[in-house]
Amino acid sequence: MLGYTREPAGLHIVMGLVMIVLVIGLGWVLPITLGVRLANKKNHSALWMLFGIHPVGGWIAFIVLACVTPRVRCINCGGFFGIHFRICPYCQTTFGNEEPGPVNPSPPLPQIPGQIEP
Ligand SMILES: [Zn+2]
């Protein structure tokens, strides 16, 4: 009889531990892990996930990071700015292939030695 009562109690303890691991894993560690990955992918600081000290703060920070636009880093000064910028707001370096550059004039015709230009 004693063994019959101990076995369900042990099962309850195991199930309780599993539930604690699931709640901590899904509710606390998951948003921090996903948020850090998202922050690195979008060139934002992963320190935003320090809001994950509180589980609800972690989910809020993750949602905010999922909504913000990605940033790019200036190759000249290292400043961060939105991907829609074509000129660095800090050092005025121009970026992007879509920038209309100066149209190259047609290359000069090769000169044949001895030819006299009109
Ligand atoms: Zn710059």
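Residues are numbered from 1 along each chain as its sequence is written.

**Exercise 1.** Work out how many helices and strands the chain has, and in which order they run.

*Solution.* Start with the count: helices (H or I, at least four residues) and strands (E, at least two) are DSSP runs, numbered from the N terminus. That gives two helices and two strands. Next, read from the N terminus on, and you get α-α-β-β.

**Exercise 2.** Find out which residues make up the largest nonpolar core and which element gives the largest share.

*Solution.* First, the terms. A residue is buried if 20 or more other C-beta atoms lie within 10 Å of its own, exposed if 12 or fewer, and partly exposed in between, with C-beta atoms placed from the backbone. A nonpolar core is a set of buried Ala, Val, Leu, Ile, Met, Phe, Trp, Tyr and Cys residues joined through C-beta atoms within 7 Å. Here the largest one has six members: I32, L38, M49, A61, F62 and L65. Now look at the elements: α1 (2–41) and α2 (55–67) each give two or more residues. The largest share, three residues, belongs to α2.

Zoom in on M49. Contact means C-beta atoms, placed from the backbone, within 7 Å. Setting aside neighbours within four places in sequence, M49 is in contact with I32, G35, V36, A39, G58 and A61.

**Exercise 3.** Decide whether N43 and Q92 are exposed or partly exposed.

*Solution.* Take N43, in the loop between α1 and α2. N43 counts as partly exposed because it has 13 C-beta neighbours inside 10 Å. Then try Q92, in the segment after β2. Q92 has 10 such neighbours inside 10 Å, so it counts as exposed. As for the backbone, N43 has a positive phi of about 65° though it isn't a glycine; Q92, also not a glycine, has a positive phi near 65°.

**Exercise 4.** Say where pLDDT stays under 50.

*Solution.* pLDDT is the predictor's confidence in each residue, from 0 to 100. The chain averages 82, and 75% of the residues score at least 70. The stretch to flag is residues 98–105, where pLDDT stays under 50. Where pLDDT is low, the predicted coordinates should not be read in detail.

Terms used
This is a predicted model: local features need pLDDT of at least 70, side-chain atom pairs count only at pLDDT 80 or more; totals for chains, interfaces and linings use all residues. Two residues are in contact if their C-beta atoms, placed from the backbone, lie within 7 Å.
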